[in-house]
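Visitor: I have a model open and would like to go through it with you. Can we start with some helix packing?

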Amino acid sequence: MAEPKENVLMEKITSLCKRRGFIFQSSEIYGGIQGFWDYGPLGAELKRNVKELWWSTMTRMRDDVVGLEATIIMHPAIWRASGHVDTFSDPMCDCLLTKKRFRADQVEPQSGRAFHYVGACEATSLTEFLAKLDGENLPAELKLNFAELFQAFSYQERGTSRWISHDRQFSPSERASFAFETLANREACTENIKRVLAQLNAQKALGKACLDNYAVLLPKGKPTESALASARQFYLSRGITDPVVFFLGVEPLESTTRFNPENGSLLTPPVPFNLMFKTYVGPTATEADVAYLRPETAQAIFAQFKNVHETSRQKVPFGVAQMGKAFRNEVTPRNYTFRSREFEQMELEFFIKPDEAVEAVTGAVATPAGKGHPGEPQSNWGWQLWHQYWVEERIRFYEGIGLPRTTLEEYWQKPEELAHYARACVDILFKFPFGTQELEGIAARSDFDLSQHERCSGKSMGIFDEELRTAFGKLPPEKQTELKDRYYQARLKYLTKSGIPVAEAGAAAQEDADGLAKGQYIPHVIEPSAGVDRLILALLANAFSEVTETDAKGKSETRVVLKFHPRVAPIKVAVLPLLKNKPELAAKARAIFESLRVHMMAFHDESGSIGRRYARQDEVGTPFCVTVDFETFEGVKDGPQAGQKDTVTLRHRDDGRQERLPISELLPWLMARVK
RNA sequence: GCGGGUGUAGCUCAAUGGUAGAGCGCUAGUCUUCCAAACUAGUUACGAGGGUUCGAUUCCCUUCACCCGCUCCA
């Protein structure tokens with residue numbers, strides 16, 4: 001997918017990030033470590049800005065969201081309840097022929113005949129061996145083994161489908177029955193062949209042999225030659241240059257998942273892939289001490305839901321936001337920092353009433369009127385509107401930090417792609433140079449998470465809603481029944497999917513439905529979950545631009561400008577004396593810098609020509625440069641501000657435009673643009 | 001993890017079985033009245049480990065990282 005041109009762009013970005021101190025490889029002096037990255041001085045500022053903007057947008061500026069900062073290591077039961085221990089340890093297997101990797105649980109079941117092979121040796125060595133078999137120089141032990149061997153199996157002659165034993169060729173019908181027989185006696189037979197092949201290996205003069213088992217599954221109607229061809233290829237890849245393949249027999253198989261559906265080749269046994277980082281809590285490192293570094297920040301919010309709800313004086317609908325490190329053993333960390341093993345998330349869990357409760361209180365659940373932002377939250381919103389609301393809120397956030405809508409894509413997951421508990425999920429994608437990839441996912445997760453923790457911890461995760469209780473009591477009986485029934489069905493579906501026996505689940509669901517009528521329910525949740533590091537990478541990619549300029553001497557030079565939004569730019573303003581060797585300019589610049597740095601990340605630089613210093617600031621994305629020159633002291637020479645003293649030039653990064661501002665207006669002018 | 005490619009100053013590139021150069025950058029200084037000016041001085045590298053060799057950056061092996069595919073997701 002990635003065009004060469006786009007790779008070049010990524011290389012330029014990574015190179016700039018290293019050169020200017022945005023991002024370094026972790027542990028670089030020891031050769032680096034895959035999937036881990038450090039943020040340098042400018043990267044740290046950039047990241048801090050992004051996180052602070054998210055935090056203030058999501059919590060401080062809202063009445064209905066509060067924050068949480070939980071530990072990275074939590075009780076391991078949390079990860080069993082959330083499903084991460086299971087879903088994050090997918091068994092994987094590889095095709096023995098093409099090395100292609102499969103998720104063992106996603107291999108399509110197939111039927112057909114499995115051709116089993118137990119090894120191969122060099123054709124020359126076998127010929128030689130057969131000649132010797134007739135008598136003379138062969139060691140007695142070896143000879144005996146071969147006699148046993150040929151009683152028990154046939155080998156498939158290389159390149160043909162002829163079946164040979166030491167004394168005669170088999171007819172097709174004999175072949176079939178023979179194969180059946182050997183298969184019935186497979187273990188003893190395999191052992192025999194292995195022993196002889198091992199001895200072939202030991203007899204250097206007789207060349208190499210390979211003792212690896214192999215098999216090919218052929219669908220009905222496919223010629224048997226193709227199984228042999230696959231087997232030959234397999235043993236070729238194991239270093240036998242001209243293999244004679246030892247065939248064990250045919251086995252009919254139904255709905256097997258042990259073979260590659262694309263070529264019929266045997267797969268390796270499933271190997272569990274644990275994507276969770278395991279560690280041990282306490283001084284002993286036994287199985288009982290196992291804990292995990294969190295693979296997401298969300299679960300802590302669910303686990304602490306009751307505490308937060310009880311102490312924050314919030315009522316549903318409300319949200320809990322958290323940002324912090326998370327850890328996943330990615331199969332392949334790739335694309336710079338995009339898929340890191342240690343990364344940072346910004347997650348909000350926004351708790352809402354189940355639609356049945358909304359309907360009971362407001363009479364009807366409002367339905368989305370169309371695309372776009374649905375406006376200020378209303379009490380009659382169900383999950384659909386809340387979900388749409390958060391999708392739009394998040395896109396607004398991205399626009400506010402300089403990622404225009406045109407660089408983003410909304411992807412509504414198809415029903416079949418959704419996790420079983422999710423009702424909808426929208427990915428906000430960014431058009432990275434290496435492809436359009438996910439920045440944030442906004443999932444409507446029903447009441448799955450809190451229900452899981454209620455079930456697994458035995459602690460109630462439900463809340464009591466006085467307004468609901470009152471409203472429910474006033475409903476006509478048939479409406480009550482209808483709502484209770486719908487709630488019952490939803491709860492029943494969850495409970496049975498969790499593996500609870502039907503009778504038990506039915507009773508529990510009925511209890512939940514009765515609870516709803518009394519004002520009790522488990523909140524549903526909308527989860528906007530974003531990756532900080534991905535966002536940083538998106539901001540870098542979006543800001544990166546090159547300007548080629550030809551100077552007076554005709555020398556053309558390409559320089560980089562990072563066009564960060566002032567709100568995220570690591571350095572907001574650089575204060576520069578026009579000349580270094582004029583003490584009054586230098587002192588004034590220093591004083592302005594000191595007055596600005598209290599309020600924002602400012603930078604002071606007096607080395608090199610003014611043009612060079614501007615270029616340096618462009619390259620790290622500083623949106624504004626302030627220059628102290630002679631007119632600062634002598635007054636503006638001409639124009640509408642002529643004669644005015646104590647002014648500076650203010651240069652804009654993106655177009656080089658300059659304007660003159662009184663020093664006294666500098667701070668409010670800048671604050672208005674960087675906050 | 002598998003297959004293919006890459007690995008020499010901060011960056012972009014050279015050269016070589018006899019321990020490495022350039023340009024740009026960076027630091028300091030001189031000079032300089034607005035977009036990488038000039039001059040002077042300084043700065044820094046053969047990814048790591050092992051082997052072959054009198055001697056390895058160069059040849060061989062191993063390993064690590066990065067890039068491209070398979071796979072995965074915030």
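Visitor: Which residues in α12 meet which in α15?

Guide: A357, A360 and V361 in α12 meet E467, L468, A471 and F472 in α15. Contact here means heavy atoms within 4.5 Å. Helices (H or I, at least four residues) and strands (E, at least two) are DSSP runs, numbered from the N terminus.

Visitor: At what angle do the axes of α12 and α15 cross?

Guide: Roughly 65°, with the axes of α12 (residues 355–362) and α15 (residues 466–474) coming within 8 Å. Axes are lines fitted to C-alpha atoms, for helices over the stretch in contact, and angles run from 0 to 180 degrees between N-to-C directions. The crossing of α12 past α15 is left-handed. A crossing is left-handed if the near helix is turned anticlockwise from the far one by less than a right angle, and right-handed if clockwise.

Visitor: Before more of that, what are the ground rules?

Guide: This is a predicted model, where local features need pLDDT of at least 70, side-chain atom pairs count only at pLDDT 80 or more, and totals for chains, interfaces and linings use all residues. Residues are numbered from 1 along each chain as its sequence is written, chains are lettered from A and ligands numbered from 1 in the order in which they are written, and side-chain values use heavy atoms, with hydrogens and water left out.

Visitor: What average pLDDT does chain A have?

Guide: The average is 85, and 85% of the residues score at least 70. pLDDT is the predictor's confidence in each residue, from 0 to 100. The model's ipTM is 0.89 and its pTM 0.83.

Visitor: Where in chain A is confidence lowest, and where highest?

Guide: Strand β9 (residues 163–164) is lowest with a mean of 46, and strand β3 (residues 65–67) is highest at 98. Residues 141–154 have pLDDT below 50, and that stretch makes 36 contacts in the model beyond near neighbours in sequence. Residues 157–180 also stay under 50, with 40 contacts beyond four places in sequence. Where pLDDT is low, the predicted coordinates should not be read in detail.

Visitor: Back to helices. How do α16 and α17 cross?

Guide: Their axes come within 8 Å and cross at roughly 140°, α16 being residues 477–497 and α17 residues 502–517. The two are therefore oblique to each other. Angles under 35 degrees count as roughly parallel, over 145 as roughly antiparallel, 65 to 115 as roughly perpendicular and the rest as oblique. The crossing of α16 past α17 is right-handed. Residues of α16 that meet α17 include L483, Y487 and L495, and those on the α17 side include A505, A509 and L516.

Visitor: How many residues are in the largest nonpolar core?

Guide: It has 64, of which F22, Y398, L535, L540 and F564 touch the most other members. A nonpolar core is a set of buried Ala, Val, Leu, Ile, Met, Phe, Trp, Tyr and Cys residues joined through side-chain atoms within 4.5 Å. Buried means under 20% relative accessible area, exposed over 50%, partly exposed in between (1.4 Å probe, protein chains only). Leaving out residues up to four places away in sequence, Y398 touches L403, L408, I428, L439, E440, A530 and L535. A second, separate core has 33 residues, among them I301, V316, F318 and L483.

Visitor: V316 again. What kind of peptide bond joins V316 and P317?

Guide: A cis one, with omega about 5°. P317 sits in the loop between α11 (305–311) and β16 (318–327). R313 is in the loop between α11 and β16 as well, and its phi is near 60°, a positive value in a residue other than glycine. Most residues other than glycine have a negative phi, and most peptide bonds are trans.

Visitor: Is R313 buried or exposed?

Guide: Exposed, at 80% relative accessibility. Y336 also has a positive phi, about 60°, without being a glycine, but at 13% relative accessibility Y336 counts as buried. Y336 is in the loop between β16 and β17 (342–352).

Visitor: One more. What does Q617 touch?

Guide: Not counting residues up to four places away in sequence, Q617 touches I571, A574, F603, T622 and C625. Q617 lies in helix α20 (residues 610–620) and is buried, with a relative accessible area of 3%.
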